[in-house]
Amino acid sequence: MSLLDLFLGALLLLTGFLAVRLKNAVHAALALAANFILVGVVYMLLEARFLGWIQIIVYAGAIMVLFVFVIMLLYAAQAEVGADPLPGLKPLAAAVGVVGFLALTYAFAGAKAPLAAKAASAALAGGTAEALGPLIWQTWLYAVLLVAALLLVATVAAVTILRPGEGGGR
Amino acid sequence: MSVMALAKALGITLRHFFSKPVTIPYPDAPVPLKPRFHGRHVLTRHPDTGLEKCIGCSLCAAACPAYAIYVEPAENDPENPVSIGERYAKVYEINMLRCIFCGNCEEACPTGAIVLGYEFELADYRYSDFVYTKEDLLVDTVGSKPQRREAKERKKPVKLGFEVPYVRPELEGVKYE
Amino acid sequence: MIWALFVTAVKALVLILALLFAFAYITWIMRRGLARFQIRLGPNRVGPFGLLQPIADAVKAIFKEDITVARADRFLYWLAPFLAFTFALAAFAVIPVGPDGWVVANIDMGVLYVFAVSELAIYGVFLAGWASGSKYPLMGGLRSIAALVGYELALGMAILPVVLMAGTLNLQEIVEWQKQHGYFIIYQFPAFLVYFIASLAEMSRTPFDFAEAEQELVAGFHTEYSSMKFVAFYIAELLHWIVGSALIATLFLGGWDAPFGLPEIPVLWLFVKWALFIFLVLWIWASWFRTRYDQMIRFAWGVLLPVATVWFLITAYYVVKGGMA
């Protein structure tokens, strides 16, 4: 746990907190994008370099851009003012959060120490594309194809549902 | 949008790239004007006697659509006539900011006294300087008010920034244009 | 370790200064070049041949009044030009200008770095549009996102065959491969075409300069910006042009490699190839008109992406069959 790791962890927590608590949706989305970039940096520090770049390119660069695009398109930056539809949920959510945190602490307290990041990452051989390629396309090929099919189904479903005219329910 | 059309567009601009620009590098080079250009007015004189052609009839002031001309006539002194008729224009002023350079005054003038010349470098700084008097407009005067002012300050002759193929005959006595 | 950092810092500083100088004189090239394409002279009053014009422009811009519109989202309004400028500048760090050490950051996955930076640069554009709080910049910003993301995909698809054939994501090694085997413009001509067209869109250059379509959007996403913040956007835009041209020269035309066996001089050959693309983009800017926005999006998703994908599959087949994998 070097100083850099602590610093990054603190920044991750801060941006995550801001992403949830900022009132302006565009600011919150930008905090989330910063969070994703920091996660990419963490991946790179853990020697999973390819994954780190992909995290930045795909998450912060494409997904968050489109997210903010939708917010801007719908002028949805300011939250709508109105009554909370589920008033009893906040204390319940807080309770679940506390219980979950305690459970995780108990689980990690009893676990044996993980491999040092460097040693574990050595197995990744620097996390370059050359190292990941055989893993994705040979060892875990069917899992990758399954995920791809899932994404395809989701895309087609989204387009079909939102198609104007005689398409499915709007 | 076919690829051929796009390629032809590129060809046109490339041809332009290697041809000589059509820009006239004024003020380093004179602007070529046409002979009937509507520039600053000139009050002409008769070539043989040297008397002014203007008889102070104010037809130009009446014809001016912008009310830019002010004429005050006066009786000609028989021993020292200024113009060839009975009267001459004692005060003749044109407000260059009101003038629209339409040429109605030139068309209305019965003696051909007021004629539109070629000078266009009339830009100046104060409104009051734009009311040109008879002295500023007479045919003996070369250059506009700001040009003459700067020429006097710099002790150089007035340099006119244009050239014409020929001076039209109505502009009698105009030499340097 | 410290020494390596120091050397990198010096290289980075030299690169930044070179890029800013290049930006200033690209404005001169742009104005004089466009003028010659339009049979007129460009600026020629300030200094011989107008060479001091960029300095005069800079002085004028500095002394302009810096306005912040009332309805602007202050934090984003300030942040957007900073983002645009920084990421445009950052993209050049991985481009090798000479053999071995002549690169600021020889990242193993240089190609991915370039992507990441291009996508982060999009943030500057649409945040500016949003933060200005008025409709023309917002429209400009939204149009930019949709178009830039779409063309970024085609860009990525077009680079993949190059990466496949070279067997590496490292830009220096791609140049070395081209030095040995020949330039990618020969082996990957369809990819080059797709990459060039998508690059024009990424640079927001005609025929894809939707973001600042003056006839439609006043000045697009940077309408409400003045003085130094506007200069930051302007620098970012021209830097995209500069960096994009350098990238095409590196990926498809061999980078710093000297063609036809001419003597190898580190910065010179990349400069020549880069200048070729600068001229080409300027020529296109002077000659063609803007595509309609929906035509442009349809072109990206319906033509460029399928063509790039098919070419990628063809290349993949040949790479595997030819045993280059």
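Analyst: Between chain C and chain B, 10 residue pairs are in polar contact, both residues being at pLDDT 80 or more. A polar contact is a pair of N or O atoms within 3.5 Å; within protein, one must be able to donate a hydrogen and the other to accept it, and residues adjacent in sequence count only if both atoms are side-chain atoms. The model is predicted: local features need pLDDT of at least 70, side-chain atom pairs count only at pLDDT 80 or more, and totals for chains, interfaces and linings use all residues. Residues are numbered from 1 along each chain as its sequence is written, chains are lettered from A and ligands numbered from 1 in the order in which they are written, and side-chain values use heavy atoms, with hydrogens and water left out.

Two elements of chain C give two or more residues to the side that touches chain B: helix H1 (2–37) and helix H11 (268–287). Helices here are DSSP runs of H or I with at least four residues, strands are runs of E with at least two, and both are numbered from the N terminus. H11(C) provides the largest share of that side, 5 residues. By class, the side has 9 nonpolar, 2 polar and 3 charged residues. Ala, Val, Leu, Ile, Met, Phe, Trp, Tyr, Cys and Pro count as nonpolar; Asp, Glu, Lys and Arg count as charged; the others, Gly among them, count as polar.

The interface of chain C and chain B also has 1 salt bridge, meaning a side-chain nitrogen of Lys or Arg within 4 Å of a carboxyl oxygen of Asp or Glu. Asp28(B) and Arg45(C) form a salt bridge, with their closest N and O atoms 3.1 Å apart. In contact terms (heavy atoms within 4.5 Å), chain C brings 14 residues and chain B brings 16. The buried area is about 1,400 Å², and carbon and sulfur atoms give 70% of it. Buried area is the accessible area (1.4 Å probe) that two parts lose on being put together, summed over both. Arg36(C), Ile39(C) and Trp288(C) supply 40% of what chain C buries against chain B, more than any other three residues.

Now the other partner. Chains A and B do not touch; their nearest C-alpha atoms are 30 Å apart. Here 23 residues of chain C meet 27 residues of chain A. Together chains C and A bury about 2,100 Å², 81% of it on carbon and sulfur atoms. On the chain C side, Met109(C), Tyr123(C) and Trp130(C) lose the most area to chain A, together 27% of what that side buries.

The rule finds 1 salt bridge between chain C and chain A. Asp108(C) forms a salt bridge with Arg49(A), and the closest N and O atoms are 3.0 Å apart. There are 2 residue pairs in polar contact across chains C and A, both residues at pLDDT 80 or more. Helix H4 (110–131) and helix H5 (135–166) of chain C are the elements that give two or more residues to this side. H4(C) gives the most, 11 residues. The side of chain C that touches chain A divides into 19 nonpolar, 1 polar and 3 charged residues.

The buried residues of helix H6 (171–181) of chain C pack against H4, H5, helix H7 (184–187) and helix H10 (227–252) of chain C. Those buried residues are Leu171(C), Gln172(C), Ile174(C), Val175(C), Trp177(C) and Gln178(C). Buried means under 20% relative accessible area, exposed over 50%, and partly exposed in between (1.4 Å probe, protein chains only). Asn170(C) caps the N-terminal end of H6(C), with a side-chain oxygen 3.0 Å from the backbone nitrogen of Gln172(C). Gly182(C) follows H6(C) and has a positive phi, near 115°.

Thr315(C) counts as buried because its relative accessibility is 5%. Its side chain reaches the backbone oxygen of Trp311(C) at 2.8 Å. Leaving aside neighbours within four places in sequence, Thr315(C) is in contact with Pro161(C), Leu164(C), Met165(C) and Gln188(C).
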